[in-house]
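Subject: Handover of a structure

Dear colleague,

Please find the structure below, together with its sequence. I would be grateful if you kept it open while reading the notes that follow.

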Amino acid sequence: MNIDQRLAELGITLPEAAAPVASYVPAVEVGGMLHISGQISFAEDGSLVTGRLGENVSLEDGQAAARRCGIMLLAQMKRALGSLDRVEQIVKLGVFVNSAADFTDQPKVANGASELMQDVFGEAGRHARSAVGVPVLPLGVAVEVDAIVKIRS
């Protein structure tokens with residue numbers, strides 16, 4: 001089964017890959033690795049998922065926001081590579097969570113993106129990860145996720 005079939009089986013439709021909002025490119029391929037810029041939390045309808053975990057965003061909504069970031073990462077991978085079947089391994093995710101000072105469940109929020117990668121790529125979706133709480137993210141979003149991906153030539 002190829003990855004597009006797997007996405008269909010999971011009921012996932014990839015959005016159009018988001019354009020950069022500043023002076024950077026969405027992805028850079030170097031040395032067999034694809035480095036993907038941080039993808040912010042867009043809802044299915046294209047609106048931003050904003051707010052702060054531990055303040056006005058629940059853990060469950062934060063996990064869903066991280067999953068949506070992961071879906072945009074997949075869209076960026078497909079745009080850069082032409083096919084998600086070129087993904088050999090998800091190497092690392094960096095997850096940034098807009099957090100209140102006393103919120104400490106960033107790893108649980110990050111699971112939204114991590115579990116998506118494992119659902120889509122199986123064992124190749126298992127990865128190293130950072131989950132960091134920050135006081136603010138661009139455009140007030142709840143979550144941002146970047147990635148490093150090993151690719152097949």
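Six bridges join strand β2 to strand β5 (residues 143-151), and these two strands run antiparallel. Within this pairing, I40 has E144 of β5 as its bridge partner. Please note that this is a predicted model, in which local features need pLDDT of at least 70 and side-chain atom pairs count only at pLDDT 80 or more, while totals for chains, interfaces and linings use all residues. Residues are numbered from 1 along each chain as its sequence is written, and side-chain values use heavy atoms, with hydrogens and water left out.

Strands (E, at least two residues) and helices (H or I, at least four) are DSSP runs, numbered from the N terminus. Two strands are said to pair if DSSP finds at least two bridges between them.

The sheet

Five strands form an open sheet, in the order β1-β2-β5-β3-β4, with mixed pairing. β1 (27-30) and β4 (128-134) stand at the edges; each has a single partner strand, so one side of each is left without a neighbour in the sheet. From one strand to the next, the twist averages 15°; for such angles, axes are lines fitted to C-alpha atoms, for helices over the stretch in contact, and the angles run from 0 to 180 degrees between N-to-C directions.

Strand β1 is joined by four bridges to β2 (residues 33-40), and the two run antiparallel. V30 has M33 of β2 as its bridge partner. Between β1 and β2 is a loop that holds G32. Strand β3 (residues 87-98) pairs with β5 over nine bridges, again in the antiparallel sense. There, V87 is bridged to I151 of β5.

In a regular strand the side chains alternate between the two faces of the sheet.

Surface and burial

In what follows, buried means under 20% relative accessible area, exposed means over 50%, and partly exposed lies in between (1.4 Å probe, protein chains only). G32 is partly exposed, at 34%. V28, which lies in strand β1, is also partly exposed, with a relative accessible area of 41%.

V25, V28 and V30 together make a nonpolar surface patch of about 240 Å². Patches are made of residues with over 30% relative accessible area and no salt bridge, where like charges are joined within 9 Å and nonpolar side chains (Val, Leu, Ile, Met, Phe, Trp, Tyr) within 5 Å. The areas come from the Shrake-Rupley method with a 1.4 Å probe, and for residues only the protein chains shown count as cover.

Salt bridges

A salt bridge is a side-chain nitrogen of Lys or Arg within 4 Å of a carboxyl oxygen of Asp or Glu. How many salt bridges does this rule give? The count comes to seven. One of them links E88 and K150, at 3.2 Å from N to O. E88 lies in strand β3 and K150 in strand β5, so the pair ties together parts that are 62 residues apart in sequence. E88 is partly exposed at 30% relative accessibility, and K150 is partly exposed at 37%.

Another salt bridge joins E9 and R6, whose closest N and O atoms are 2.1 Å apart. Both residues lie in helix α1, three residues apart, about one turn of the helix. The side chains of E55 and R52 also meet in a salt bridge, at 3.5 Å. Here E55 counts as exposed, at 55%, whereas R52 counts as partly exposed, at 22%.

S114 is found in helix α3 (residues 106-121) and is buried, with a relative accessible area of 5%. Its side chain makes a polar contact of 2.9 Å with the side chain of R129, and one of 2.8 Å with the side chain of H127.

Where does H127 lie? H127 is in the loop between α3 and β4, and is buried at 19% relative accessible area. A polar atom of the H127 side chain lies 2.7 Å from the backbone oxygen of G125.

Notes
Polar contact = N/O pair within 3.5 Å; in protein donor to acceptor, adjacent residues only side chain to side chain.
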